[in-house]
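Here is a short report on one protein model. Look over the sequence and the structure, then read on.

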Amino acid sequence: MLLPLSLLFVGAVLVLNGLWMAGRIDDREIVLINGATAAITAAVAAVSLVQARDVADVRAVAMTLLFSVTYLWVAFNRVIGSDGRGLGWFSLFVALSVLPEAVRTLRAATTAMETWLGLCWLAWAGLWFLYFLTLALQRGFRRQTALATLCSGVLTAWLPALVLMYGGRA
C-alpha cells in the first residue's frame with residue numbers, strides 16, 4: 001500500500017539528482033529533495049517494520065532503507081562538500097545487496113507488475129554500480145550516470161508510482 005508513496009518520491013529524487021549531476025541544479029538546492037525523500041522512505045520503512053509479520057516483510061524494509069540511507073548520504077555530502085567516495089563504496093555494497101532481490105523477484109513473478117519490479121531491482125543495482133564507479137573509483141562516467149539516474153527516476157519510479165496510484169496493482 002505504501003509502495004506508490006515511496007516510488008513517487010524516489011522518482012522525484014532520481015530525476016532531480018540526474019539533473020543535478022548534469023549541472024542543471026546547484027549543490028545546495030539538491031539537499032532538500034534528498035533529505036525529504038530519505039525521511040519519507042525511512043518513515044515508510046518504520047511503518048512497514050511495525051506491521052512486519054515475517055522475514056519477507058523485514059527484507060522489504062531493509063531494501064527500502066538502502067534507498068533512504070543513499071539519499072540521506074547525498075544530502076549530507078552536499079552540506080559538508082564531500083567528494084562522495086564513501087557514498088561510492090556504500091553504493092557498491094547496495095548494488096551487490098539488491099541483486100538477490102532482483103533474482104528472487106523475477107523468479108517469483110506471476111504478473112507484469114512483479115516482472116517490472118524485478119527488472120527495476122536490476123536497473124537499480126546497475127545504477128548503484130555506476131555510482132560506485134563514478135564516486136569511489138573516480139571514473140569518468142558522470143554524464144552517463146546522470147542520464148541513467150534521470151531515466152531510472154522516470155521509468156522505475158515516477159511513472160510506475162502514477163500507475164499504482166491511479167489503478168494499477170503491485
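Which helix does leucine 119 lie in? Leucine 119 lies in helix 5. Helices (H or I, at least four residues) and strands (E, at least two) are DSSP runs, numbered from the N terminus.

## About the model

This is a predicted model, so local features need pLDDT of at least 70, side-chain atom pairs count only at pLDDT 80 or more, and totals for chains, interfaces and linings use all residues. Residues are numbered from 1 along each chain as its sequence is written, and side-chain values use heavy atoms, with hydrogens and water left out.

## Overall fold

The protein has six helices and zero strands. Along the sequence the pattern reads α-α-α-α-α-α. The C-alpha trace spans about 40 × 30 × 25 Å along its principal axes.

A compact globule of 170 residues would have a radius of gyration near 15 Å, and the protein agrees, with 15 Å. That radius is taken over C-alpha atoms; the globule rule is 2.2 Å times the number of residues to the power 0.38. Contact means heavy atoms within 4.5 Å. Of the contacts with a separation of 6 or more, 68% join residues 24 or more positions apart.

## The core

Buried residues make up 41% of the 170 residues. Buried means under 20% relative accessible area, exposed over 50%, and partly exposed in between (1.4 Å probe, protein chains only). A nonpolar core is a set of buried Ala, Val, Leu, Ile, Met, Phe, Trp, Tyr and Cys residues joined through side-chain atoms within 4.5 Å.

The largest nonpolar core has 35 residues; Leu14, Val98, Trp124 and Trp128 have the most contacts inside it. Helix 1 (3-21), helix 2 (30-50), helix 3 (55-80), helix 4, helix 5 and helix 6 (142-165) each supply at least two residues of this core. Helix 5 gives the largest share, ten residues.

Leaving aside neighbours within four places in sequence, tryptophan 128 contacts residues including Leu66, Phe67 and Ser91. Serine 91 sits in helix 4. Serine 91 counts as buried because its relative accessibility is 0%.

## The nonpolar surface patch

Leu96, Leu99, Leu106, Leu119 and Leu122 make a nonpolar surface patch of about 410 Å². Patches are made of residues with over 30% relative accessible area and no salt bridge: like charges are joined within 9 Å, nonpolar side chains (Val, Leu, Ile, Met, Phe, Trp, Tyr) within 5 Å. Accessible areas come from the Shrake-Rupley method with a 1.4 Å probe; for residues, only the protein chains shown count as cover.

Helix 4 (85-108) and helix 5 (112-136) each supply at least two patch residues. Helix 4 gives the most, with three. Why does leucine 119 count as partly exposed? Its relative accessibility is 46%.

## Salt bridges

Side chains of opposite charge can pair when their charged atoms come close. A salt bridge is a side-chain nitrogen of Lys or Arg within 4 Å of a carboxyl oxygen of Asp or Glu. The structure holds five salt bridges.

One of them pairs arginine 59 with glutamate 101, the closest N and O atoms being 3.1 Å apart. Arginine 59 lies in helix 3 and glutamate 101 in helix 4, so the pair ties together parts that are 42 residues apart in sequence. Glutamate 101 also meets arginine 104 in a salt bridge (2.8 Å, N to O). Shared partners join Arg59, Glu101 and Arg104 into one network. Glutamate 101 is buried, at 8% relative accessibility, while arginine 104 is partly exposed, at 35%.
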